[in-house]
Amino acid sequence: MRYVIVGAGPAGVVAAETIRKLDADGTITLIGDEPEPPYSRMAIPYYLVGKIGEEGTHLRHDPDHFRNLRIDHVQRRVTRVDPNSNTVVLDDGRHLQYNQLLIATGASPIRPPIPGLDLPGVHTCWTLADARRIAELATPGSHVVLMGAGFVGTIVLEALAMRDVELTVVEMGDRMVPRMMDETAGNMLRNWCEAKGVHVRTGTRITSIHPAGNKEEEDKPGILSRLIDAVTPAGTEDGAKPEDGLRVELSNGETLAAHLVVVSAGVKPNIGFLEGSGLAVDQGILVDDHLRTNHPGIYAAGDVCQGRDIMSREFHVHAIQPTATEHGRVAAYNMTGHEMAFVGSLNMNVLDTLGLISSSFGVWEGKGGQSVRLVDEERWRYLRLEFEEDRLVGAQSVGMTENIGALRGLIQTGVPLGEWKDVLLAQPQRFMEAYVGRIQG
Ligand SMILES: Cc1cc2nc3c(=O)[nH]c(=O)nc-3n(C[C@H](O)[C@H](O)[C@H](O)COP(=O)(O)OP(=O)(O)OC[C@H]3O[C@@H](n4cnc5c(N)ncnc54)[C@H](O)[C@@H]3O)c2cc1C
């Protein structure tokens, strides 16, 4: 049997290893277009703050790992898939035949059509190559503008802030992490970041980026001095020269000086190379409960596909690593003829932002059922529970460091809460007891 896996991220790697466990004799080719050993994007923030070196980001640390498993790791880009001839075409012209194909090509950062986004000094934070460039530019005291305070943007925010840069975050939504948390939680996070010295602009867009010292600049009397005035003394005192960097224009009329702009404006699945293949796509590749596409013998996994959502039962892209690895595992079982259904993934995000833990699970914004909120802004604590009949369907928390896994457990299992529902409506903080009572009891 010939297995070909396109994409050497967490989904592809777990799939390749699982296939090897289940089929000792098959030929496995793992194709990835990045010039690195397979690595985890999740580890990039740890690399940026110096907690780990580049090797620390690698998914497997033994350099012979894939060779020992007889997994052929090919570092090329797949340009085309032809389901009629069971072939994938590589960017060096090679054609590879498969019996079973997995597409695990992940997602790429969106680059909004904003003038100046292609200037030197403007980077996404998605790949290890991006991280190397950011590490060079985000030096202590430098001025950094981060576009986007979504889930990944807020993770990047923490890494940048820990590099002691002068950081301004610009988010077009009315609050931080608007697709993960409500106004109370998002604004609590914003206040926390500001208390830690990060400047946050919400409800604001970056409208354009310019070289700070270009010709047009000189035609506008006073713009450079305005720019320099706009930066804090820390930036100018330690020798930072905003006039050598970028000028970032915001929709609120502000102008920011920056040595580095980091773009974190969402991601889109990597499906462009599938054009003409006949594979059904929507936001991502469409799959069934076995991660099968509409073509026999072709599967998809991870950020590139729309897998089952455990709560809504609909199919969505859940661009998080635990979903990617579970997709990879389940796809591998099905590719090797071991029937296995994917039970569905939970929409789930947990952040540690400069010491403040926040989380959201399931249908955090609610489905119109009963809900309860506990707000303690002074102590940076927030809890919101959303119910449908006597089940917990969604939750958000800020400042809760213990037992938040119990919220996930209650939502994911969909266990009827019985008498515990009234207890939680009166005292939502007792969710751990409810978990023990209903699941472990
Ligand atoms: C900074 C950062 C922090 C994150 N933190 C978290 C976190 O804390 N928790 C969490 O759950 N998730 C986090 N994520 C998201 C997580 O990294 C992704 O959900 C995960 O990487 C998805 O895995 P994947 O295998 O589907 O795709 P990817 O990891 O993107 O791997 C896909 C691979 O396929 C390659 N590829 C694409 N097209 C082709 C082609 N045509 N031919 C060959 N190869 C191709 C890509 O270059 C890539 O190497 C973070 C992401 C970033 C960027």
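Predicted model: local features only at pLDDT ≥ 70, side-chain atom pairs only at ≥ 80, totals over all residues.

User: What is a polar contact?

Analyst: A polar contact is a pair of N or O atoms within 3.5 Å; within protein, one must be able to donate a hydrogen and the other to accept it, and residues adjacent in sequence count only if both atoms are side-chain atoms. Here, a nitrogen atom of the ligand is 2.9 Å from a polar backbone atom of Val78. A backbone N or O atom of Ile320 lies 3.4 Å from an oxygen atom of the ligand.

User: How much of the ligand's accessible area does the protein cover?

Analyst: Such areas come from the Shrake-Rupley method with a 1.4 Å probe; for residues, only the protein chains shown count as cover. The ligand on its own has 1,000 Å² of accessible area, and the protein covers 94% of that.

User: How many residues surround the ligand?

Analyst: A residue is counted as near if one of its heavy atoms lies within 4 Å. By this rule 32 residues surround the ligand, and the closest are Asp33, Glu34, Val78, Asp303 and Gln321.

User: From which domains does the shell draw at least three residues each?

Analyst: Domain bounds come from an automatic or database domain assignment. The shell draws at least three residues from each of domain 1 (2–108 + 267–335) and domain 2 (122–263). The assignment also gives domain 3 (355–440), and the C-alpha centres of domain 1 and domain 3 lie 34 Å apart.

User: In what order do the strands of the five-stranded sheet stand?

Analyst: Strands (E, at least two residues) and helices (H or I, at least four) are DSSP runs, numbered from the N terminus. Two strands pair if DSSP finds at least two bridges between them. The open sheet has the order β3-β2-β1-β7-β19, with parallel pairing. Because β3 (71–74) and β19 (298–300) at the edges each have a single partner strand, one side of each is left without a neighbour in the sheet. Within this sheet, five bridges join β1 (residues 2–6) to β2 (residues 27–31), and Ile5 has Leu30 as its bridge partner in β2.

Definitions and conventions: Residues numbered from 1 in each chain as written. Heavy atoms only, no water.
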